[in-house]
Amino acid sequence: MNARAAPVKLSPLHETARNLGAQFTESSGWRIPEAFSTPDAEISAAGRGVALADETANGKIRVEGEEADATWESLELEIGGGAVVGTERVYRLRGDCFFVLTSPGRDIAVRRTLVDRASDRFVTVTNLTHAWSEIRVLGPYSPSLMSRVCGLDFSDAAFPEGAAKQTSVARTTQLVIRRDAVDLPAFSVLGARSLAAYLWEILMEAGADLQIAPIGLIAIRALESGTEQQV
C-alpha cells in the first residue's frame, strides 16, 4: 500500500487568487500562484507601477524572551533592524523579540535549530507560518500605496531595506518589512491569516489608479534574481 500523500497547504488567499484566474504550482508542500497572466506582463506591471504577490508560504518564526538575543552568535541588531543570517532573514522587533523569515518549507528545520540553541535559556520559539499570511507589495509606487493604508513614512530614509516595524495597516495589526527585489522597492505585510483576504482587497482598491496587478511565482523569481529580460 502506498503511503498517504501529505495534504497540500493552501494560503488564505487561495480562493482570491483562483477568482483572479491564477495558474497554480506546488512547491515545498504549498499550492502557490505561479502566474495570473504572462510572466512578461507581470514583470512589466511591477516595474512600471505596483504589484501584489501572495508569499504566505514563506516560513515565519518568532523568538522571544530575556535571552532571545543569545540565540545568534555575534548578531547585533538595533530594534527595527534586520540582517541576512545564512539563508534566513532575522529582524529585531523589540529588545526581547526577534522575527525570522525563511523560504517555503524551511520553517520546521529552522525552528528545530533555534529550539536547540535556546535550550536552558528563557526563550520561546513559535512557528507562525500557518497562523500568519504574507502579502508582498512591489514596484516603484509601492511606498505610495503603503502610505495610503498606513500612517508610517515609507521613504527610503525613514524605512530602508531591512527595516521591520509593527504597525496598523488598514486598521489591522501587521508587521511590515522592507524587502526589496534587487532595485525594485518592496514591502512584506505579515499578520493574522484571517485578515488576508480583507487586506488584499483593500490594497487592490487603494492601488487602482496605480495600475496595480497581481503577480505570481515566476515573475517574483525573475524580479528577485534581476533576470527580467530573460523571462
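The legends below describe close-up views of one predicted model. Residues are numbered from 1 along each chain as its sequence is written, and side-chain values use heavy atoms, with hydrogens and water left out. Because the model is predicted, local features need pLDDT of at least 70 and side-chain atom pairs count only at pLDDT 80 or more, whereas totals for chains, interfaces and linings use all residues.

View 1. Two strands count as paired if DSSP finds at least two bridges between them, and strand 11 pairs with strand 12 (residues 172-178) in the antiparallel sense over 6 bridges. Within this part of the model, Val169 stands opposite Thr172 in strand 12.

**View 2. The hairpin of strand 6 and strand 7.** Strand 6 (residues 82-85) and strand 7 (residues 88-94) run antiparallel and are joined by 4 bridges. Gly82 stands opposite Tyr91 in strand 7. The two strands form a hairpin with 2 residues between them, and Gly86 in the turn has a positive phi of about 65°.

**View 3. The largest pocket.** A pocket is found on a 1 Å grid over the protein atoms alone, as an open set of points with protein on both sides within 12 Å along at least five of seven lines, while a cavity is a set of points where a 1.4 Å probe fits but cannot get out; lining residues have an atom within 4 Å of a point. A volume is the space filled by probe spheres set on the points, which are joined across faces, edges and corners. The largest pocket has a volume of about 480 Å³. Of the 25 residues that line this pocket, the closest to its centre are Glu55, Asn58, Ser103, Pro104 and Glu224. Helix 6 gives the largest share of the lining, 4 residues.

**View 4. The second largest pocket.** About 150 Å³ of space lies in the second largest pocket. Its lining includes Trp72, Val85, Glu88 and Arg117, and helix 3 gives the most to this lining, with 5 residues.

**View 5. The cavity.** The count comes to 1 cavity of 30 Å³ or more, and the largest cavity has a volume of about 40 Å³. Ser11, Trp30, Arg31, Ile32, Pro33, Asp54, Thr56 and Ala57 line the largest cavity. Strand 3 (residues 30-35) gives the most to this lining, with 4 residues.
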